[in-house]
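Please look over the sequence and the model shown here before reading on.

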Amino acid sequence: MTDRMIASSKICVAGYKGLVGSAIVRRLRSGGFANLLLIDRGEVDLTDQRAVRELFAREKPEYVFLAAARVGGILANSTHPADFIRDNLLIQTHVIDAAHTHGVTKLLFLGSSCIYPKDAPQPMKEEHLLTGPLEPTNEWYAIAKIAGIKLVQALRKQHGFCGISLMPTNLYGPGDNFDVTSSHVLPALLRRFDDAKRAGASELVVWGTGAPRREFLHVDDLADAAVFLMQQYDDEEIINVGVGEDLSIAELAGLVREVVGFSGEIAFDITKPDGTPRKLLDVSRLHAQGWTAKIALADGVASTYQWYLENVAQMRG
Ligand code: GDP
């Protein structure tokens, strides 16, 4: 077992303004960790290796949460494949390498459930990694994340580097991207149902058939799991972080309609891609560690909608 973070530990959160990074910062602060080194692309360009090396040499963080990444939904991934693979490879390679070179005590890398094969048995277990072809709509992002997992594992094997990799399921919560062209389905639907309600529309069109199934984890739950696992998980094997339950996109649309209070109909645009038919993580390894998700989907969607109304809808007027 490695050393555990204590209140005075210097903890770097790379990507602290993002959905995941900001939740990790909230969780660290509420847990009494105050010596935080917060990095965002505005301060340091993580695709610039020299800048990252200089940062680590100067600041000497002891623990690193690597939450910086180029992220986006199905449309953004398929229209900007080069950006997704390039930026993610660069960011993670630079940060992980600098963490190793500058003697970081422990690093936590965040992957994604899209690293698993398109046709992986459901629920997906950690050992299904690299057992089949990926979903083509997000393989660029997935390949980069797989390379990150392998880099962390290789450094452990070759140099005894203490790095762990978490595979979160689809995340949502305050600070999410609500842009309709680049966002993931849950924030996209919150915004689109809210727009439709304001416009008095009679119908809202959901992309695809509504049949794909997805699992959604509130980002505050993920942050809680990340701090928990940073403290007590030390293994080369990746670990899934999810709730262990999924629902169809049609069911999700029904839930969002109810939360927003839209009274029109739901229609489906089958010319839009469905993506992976099902994405549900097996969370037995996580449960065996002693952690389970706490925020129910209906409660999380309702509080995220409140956040959206107070922070995004308001600014859009
Ligand atoms: P994925 O989980 O990587 O496939 O990415 P998304 O969260 O973007 O999409 C999940 C599913 O929701 C896909 O089947 C989409 O076609 C469907 N979907 C339905 N309506 C929307 C929408 O308004 N935006 C997005 N991003 N996806 C939608």
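Thr105 counts as partly exposed, because its relative accessibility is 26%, and partly exposed is the class between buried, which means under 20% relative accessible area, and exposed, which means over 50% (1.4 Å probe, protein chains only). Thr105 sits in the loop that runs between α4 (81–101) and β4, where helices (H or I, at least four residues) and strands (E, at least two) are DSSP runs numbered from the N terminus. Although Thr105 and Cys162 are 57 residues apart in sequence, their C-alpha atoms are 6.7 Å apart in space.

The model is a predicted one, in which local features need pLDDT of at least 70 and side-chain atom pairs count only at pLDDT 80 or more, while totals for chains, interfaces and linings use all residues. Residues are numbered from 1 along each chain as its sequence is written, and side-chain values use heavy atoms, with hydrogens and water left out.

Strand β4 itself holds Leu108, which counts as buried because its relative accessibility is 0%. Another leucine, Leu46, is found in the loop between β2 (36–39) and α2 (49–59), and Leu46 counts as buried, since its relative accessibility is 6%. The C-alpha atoms of Leu46 and Leu90 are separated by 7.4 Å, while the two residues are 44 residues apart along the chain.

What can be said of the backbone in the loops? Most residues other than glycine have a negative phi, and most peptide bonds are trans. Lys60, a residue other than glycine, has a positive phi, near 45°; Lys60 is placed in the loop between α2 and β3 (63–66) and is exposed, because its relative accessible area is 56%. Leu130 likewise has a positive phi, near 60°, and its place is in the loop between β4 and α5; with a relative accessible area of 54%, Leu130 is exposed. Pro123 lies in the loop between β4 (106–110) and α5 (139–159), and the peptide bond that joins Gln122 and Pro123 is cis, with omega about -10°.

Pro277 belongs to the loop between β12 (265–269) and β13 (278–279), and Pro277 counts as partly exposed because its relative accessibility is 46%. The C-alpha atoms of Pro277 and Gly208 are separated by 11 Å, and the two residues are 69 residues apart along the chain.

Turning to the chain as a whole, there are 10 helices and 13 strands, and 51% of the 317 residues count as buried. A compact globule of 317 residues would have a radius of gyration near 20 Å, and the chain has 19 Å, which agrees; this radius is taken over C-alpha atoms, and the globule rule is 2.2 Å times the number of residues to the power 0.38. Taken along the principal axes, the C-alpha atoms fill a box of roughly 60 × 40 × 40 Å.

Of the 18 residues around the ligand, Val185, Arg192, Arg214, Pro273 and Asp274 come nearest, a residue being near if one of its heavy atoms lies within 4 Å. At least two residues of the shell come from each of α6 (185–199) and β7 (203–207), and α6 gives the most, with four residues.

A polar backbone atom of Val185 is 2.9 Å from a ligand oxygen, a polar side-chain atom of Arg214 lies 2.8 Å from a ligand oxygen, and a backbone N or O atom of Asp274 lies 2.6 Å from a ligand oxygen. Of the 540 Å² of accessible area that the ligand has on its own, the protein covers 97%, as found by the Shrake-Rupley method with a 1.4 Å probe.

Note on methods: A polar contact is a pair of N or O atoms within 3.5 Å; within protein, one must be able to donate a hydrogen and the other to accept it, and residues adjacent in sequence count only if both atoms are side-chain atoms.
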